[in-house]
Amino acid sequence: MNLEAAMRLAIQQADKVKGATYPNPPVGAVILDRDNEVAGVGATEPSGGPHAEVLALRRAGERAAGGTAVVTLEPCNHHGRTPPCVDALVAAGVSTIVYAVTDPNPVAAGGAARLADTGLTVAAGVLADAVAGGSLREWLHKQRTGAPHVTWKFATSVDGRSAAADGSSQWITSEAARADVHRRRRVADAIVVGTGTVFADDPVLTARLPDGTLADRQPLRVVVGEREIAQEARVLNDDSRTMVIRTHDPHEVIKALSDRTDVLLEGGPTLAGAFLRAGVIDRILAYVAPILLGGPITAVDDVGVLSIAHAQRWRFDGIEPIGPDVLLSLVPG
């Protein structure tokens, strides 16, 4: 197996544990033996458990000696709740370390230099863009900014409507698109909506499996606004925890969620407009259905743009067909 193929396998391992490792990053690791055959794979366990490299080394056993460790993130060089991963790699006798992304955390960084000082061959940057824009996207943002990564997710017709003129919106997009939303909810730390959405749709805001049952891990449900919501609202049921934040200020919402990493904004056009005006959205995920609705109910309200010269500029970082729909991923331009 070549290094890029091994890194793709490591990415797959990381994707499996995304959302379950906080505050640690979701990391994947692959150990190749001397013949470049897969000897062991691993992914970060929940906080306090082994890191990806340690699990992969355990599974590789003696085959790790003289082999290659392929990791999505630079091996850590500090002693937290678990010992440094660099120690385990040296003790296992691997000869080469390959990783995708350098650790931006000054406490944990320095693993590559320490490994090189022991005489191991160290290479960085293999499939770095795929890792930084995938399994580690939100965690890297949190490390850089100290704030949670906020994704605005919405479904729309091809003409930009989030509901028909009578207010009906179930369902604009396909079952395949809705399943993808639930997959993303399962790895998110929080879902944010406004009181308007609670009043209009009475959503439950849970993550469900394809068979309709509740996923084992549920995000925190967050309701933003100054109006009281009924105790009978489904968002207050026992399926998950709920936080009510009495504010209209997106910055206050971000502050209240400062201990989170991956936040989904699923509110209506008013809340989306407020977050866009505040400049606190880091990614847009637009599920676009090939239907036309017309009418006055758009996906977003005022974003503070008075002329085309002042338009908010975003760029695509992904376009993906999902069933009959298309998922557009955008980041600030």
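Analyst: A residue is called buried under 20% relative accessible area, exposed over 50%, and partly exposed in between. The model discussed here is predicted.

User: Is Phe154 buried or exposed?

Analyst: The relative accessibility of Phe154 is 14%. The limit for a buried residue is under 20%. Phe154 therefore counts as buried.

User: What is the geometry of the aromatic pair that Trp152 and Phe154 form?

Analyst: The structure holds one aromatic pair. Trp152 and Phe154 form this pair, with 4.2 Å from centre to centre and 25° between the planes. Planes under 30 degrees apart count as stacked. Trp152, at 4% relative accessibility, counts as buried. The arrangement of Trp152 and Phe154 is stacked.

User: Which residue is the bridge partner of Trp152 in β11?

Analyst: Strand β6 covers residues 149–157 and strand β11 covers residues 283–289. The two strands, β6 and β11, run parallel and are joined by seven bridges. In β11, Trp152 has as its bridge partner Ile284.

User: In what order do the eight strands of the open sheet lie, and which are the edge strands?

Analyst: The eight strands lie in the order β9-β8-β7-β10-β6-β11-β13-β12, with mixed pairing. Neighbouring strands of this sheet are turned by 20° against each other on average, direction ignored. An edge strand here pairs on one side only, and the edge strands are β9 and β12.

User: How far apart are the closest N and O atoms of the salt bridge between Arg185 and Glu266?

Analyst: The structure holds 14 salt bridges, and one of them links distant parts of the chain through Arg185 in helix α7 (residues 175–187) and Glu266 in the loop between β10 (262–265) and α10 (269–278). These two residues are 81 residues apart. Both Arg185 and Glu266 are buried. The closest N and O atoms of Arg185 and Glu266 are apart by 2.7 Å.

User: Which residues do salt bridges that share partners join into one network?

Analyst: Arg185 and Glu266 form a salt bridge with each other. Through shared partners, the network joins Lys153, Arg185 and Glu266.

User: Why is strand β3 described as largely enclosed by the rest of the structure?

Analyst: Strand β3 comprises residues 68–73. A residue is buried when its relative accessible area is under 20%. The strand is largely enclosed because, of its six residues, the number that are buried is six.

User: Which residue of β4 is the bridge partner of Val71?

Analyst: Four bridges join β3 to strand β1 (residues 28–32), and these two strands run antiparallel. Within β3, Ile31 has Ala69 as its bridge partner. With strand β4 (residues 96–101), β3 pairs in the parallel sense over five bridges. In β4, the bridge partner of Val71 is Tyr99.

User: How much accessible area do Phe316, Ile319 and Val326 have together?

Analyst: Ile319 has its place in strand β12 (residues 314–322). With a relative accessible area of 59%, Ile319 is exposed. Phe316, Ile319 and Val326 form a nonpolar patch on the surface, and their accessible area together is about 290 Å².

User: How far apart in space are Leu214 and Ala163, C-alpha to C-alpha?

Analyst: Leu214 is found in the loop between α8 and β8 and is partly exposed, with a relative accessible area of 30%. In sequence, Leu214 and Ala163 are 51 residues apart. In space, their C-alpha to C-alpha distance is 26 Å.

Terms used
Residues are numbered from 1 along each chain as its sequence is written. This is a predicted model: local features need pLDDT of at least 70, side-chain atom pairs count only at pLDDT 80 or more; totals for chains, interfaces and linings use all residues. Side-chain values use heavy atoms; hydrogens and water are left out. Rings of Phe, Tyr and Trp (its six-membered ring) pair if their centres lie within 6.5 Å; planes under 30 degrees apart count as stacked, over 60 as edge-to-face and the rest as tilted. Buried means under 20% relative accessible area, exposed over 50%, partly exposed in between (1.4 Å probe, protein chains only). A salt bridge is a side-chain nitrogen of Lys or Arg within 4 Å of a carboxyl oxygen of Asp or Glu. Patches are made of residues with over 30% relative accessible area and no salt bridge: like charges are joined within 9 Å, nonpolar side chains (Val, Leu, Ile, Met, Phe, Trp, Tyr) within 5 Å. Accessible areas come from the Shrake-Rupley method with a 1.4 Å probe; for residues, only the protein chains shown count as cover. Two strands pair if DSSP finds at least two bridges between them. Axes are lines fitted to C-alpha atoms, for helices over the stretch in contact, and angles run from 0 to 180 degrees between N-to-C directions.
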